[in-house]
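Please look at the structure before reading the solutions.

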Amino acid sequence: MAKLFGSSGVRGLANVDLTPELACKVGMAVAAYAKAKTVVVARDTRVSGSMLQEALVSGLLSSGTDVYLADIVPTPTLAYATMSMHADAGFMLTASHNPPQYNGIKVFRTDSLSYVDADQEAVEKNVKEQSFALSDWRRLGKTIPLNAGQIYIGMALKAVVLKKKWRVVVDPGCGATFKVAPDMLKAMGCKVTALNAQPDGHFPARKSEPTAESLSDLANVVKTLGADIGVAFDGDGDRVAFVDETGAFVNFDRSLAGYGAYALKYSGGGMLVTNVEASMCVETMAEKYGGKVVRTKVGDIYVSEAIKQSNAVFGGEPCGAWVHPKIYYCPDGPLSAALMLKALEVENKSLSEFISEVPEYITRRENIACKNEQKYSVVNKIGVALKADFKNFTDYSTVDGVRLALKQGWLLIRASGTEPLIRLTVEGESVKEANDITQKATAIIHKQVEAELK
Ligand code: MG
């Protein structure tokens, strides 16, 4: 059997890879693994959500587990409700930012962290060996409706108190934040205009992944209305993206670094956590406020885990998944949006002014063809050549692929998870630096690929 769980839980084409049978088995397997008495189940707006939820819940009930049904809410709302209800697990039916034909099951623990590799392996084993703990008919579980949105907004109102009546345009992209995000911002006193706030699992308005292209309507509305800020989320609401008051899309790395610096400033230093792909502007900003940066593998669970382990002040990935460990460990789009407003209020700055303090470096990305059978071996062996050719490197890391930090930039070489490619990411302080590093690194990769073929 192929591996069920990836870094974001079970994910696949609905009714092809992720069938009701599998959803039911995952329910039974987690119930057995977590010895779950109560769990919380929620879903995003995807068309297949209801079908998969019925099957998952059936598996849970058959195991004697009581299920709080939160209906359609964002992933962070589900994770927070799981913690708040002291439930033994939380299940989110979502494929995050993926196209509408996909779905997935992401599982959370009581402490709001999603299942780590060890948990996932144990559940996979239960599914494979059909090692379930079905209950006697007299002790089957029951379902109980849960207003998770209310619990979540209650938390957010305590965490963020705004003085200014911010004019905010919200774009849930027809996803799971369609109600919670506008309701939360209104409750905080913002003047909210909502765009694409009708729940629709076909995602007709825009791609569920927030990007500069997919948020062009949001940018136009912010500009036309003269609003202070535009905020958007991915399909399940664990990512946030911003448009500034001029209608410009804010680069993800710069918003992450800017907010991270603010968090450090008011905690008197500490740790920031991000993944190996994030811009070095995170380090530049952290150093300004006496902070240090820990870099993890790509995947929000690795960031959340490292935040907990290193007792970090803040952390996130440059896709907009930000974690606020003072509250909990799940990446949270709507809460990040509210906390960003608070930061602007405290700093008395517009979003464009806030972001302008973060340096803008030059990024280059190249894909080098390499057979699937050889790509991992190439990446494993390339460190020696890299270190020999970039003698002035300041840090060498193999936490995810190979990452070399240099004086005026860095490079990252990873094997593509899905395609016969090796991916090179480069950043430089200037165009010249970025081009020089890219040229040199590309030549080294080509040489290693050829050597592997011999
Ligand atoms: Mg997501």
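**Exercise 1.** At what angle do α1 and helix α2 (residues 49–62) pack, and how many Å apart are their axes?

*Solution.* Before any value is read, note that this is a predicted model, in which local features need pLDDT of at least 70 and side-chain atom pairs count only at pLDDT 80 or more, while totals for chains, interfaces and linings use all residues. Residues are numbered from 1 along each chain as its sequence is written, and side-chain values use heavy atoms, with hydrogens and water left out.

Step 1: helices (H or I, at least four residues) and strands (E, at least two) are DSSP runs numbered from the N terminus, and axes are lines fitted to C-alpha atoms, for helices over the stretch in contact, with angles from 0 to 180 degrees between N-to-C directions. On these terms α1 and α2 pack at about 35 degrees, with their axes 7 Å apart.

Step 2: the crossing of α1 and α2 is right-handed, a term used if the near helix is turned clockwise from the far one by less than a right angle.

Step 3: with contact taken as heavy atoms within 4.5 Å, the residues of α1 that meet α2 include Ala23, Gly27 and Ala31, and those on the α2 side include Leu52, Ala55 and Gly59.

Step 4: the contact of α1 with α2 has 10 nonpolar, three polar and no charged residues, where Ala, Val, Leu, Ile, Met, Phe, Trp, Tyr, Cys and Pro count as nonpolar, Asp, Glu, Lys and Arg as charged, and the others, Gly among them, as polar.

**Exercise 2.** Describe the packing of α1 with helix α4.

*Solution.* Helix α1 (residues 20–34) and helix α4 (residues 117–128) pack at an angle of about 115 degrees, with their axes 9 Å apart, and their crossing is right-handed. Among the residues that make the contact are Lys25, Val26 and Tyr33 of α1, together with Asp119, Val123 and Asn126 of α4. By class, the contact of α1 with α4 divides into nine nonpolar, one polar and two charged residues.

**Exercise 3.** What is the strand order of the open sheet of seven strands, and which strands stand at its edges?

*Solution.* Two strands pair if DSSP finds at least two bridges between them. The order is β1-β2-β6-β5-β3-β4-β7, with mixed pairing. The edges are β1 (5–6) and β7 (143–145), each with a single partner strand, so one side of each has no neighbour in the sheet. Strand β4 (residues 66–72) runs parallel to β7 and is joined to β7 by three bridges, and Leu69 stands opposite Pro145 in β7. Helix α3 (residues 75–84) lies across β3 (38–43), β5 (89–93) and β6 (102–108), running at about 165 degrees to β5.

**Exercise 4.** Describe the open sheet of four strands.

*Solution.* The order is β13-β12-β14-β15, with mixed pairing. Here β13 (291–296) and β15 (322–323) stand at the edges with a single partner strand each, so one side of each is left without a neighbour in the sheet. Strand β14 (residues 314–316) pairs with β15 in the antiparallel sense over two bridges, and Gly315 has Val323 in β15 as its bridge partner.

**Exercise 5.** How many residues of domain 2 and of domain 3 are in contact?

*Solution.* The bounds, which come from an automatic or database domain assignment, are domain 1 (5–147), domain 2 (160–360) and domain 3 (362–453). The centres of domain 2 and domain 3, taken over C-alpha atoms, are 29 Å apart, and 10 residues of domain 2 are in contact with 12 residues of domain 3.
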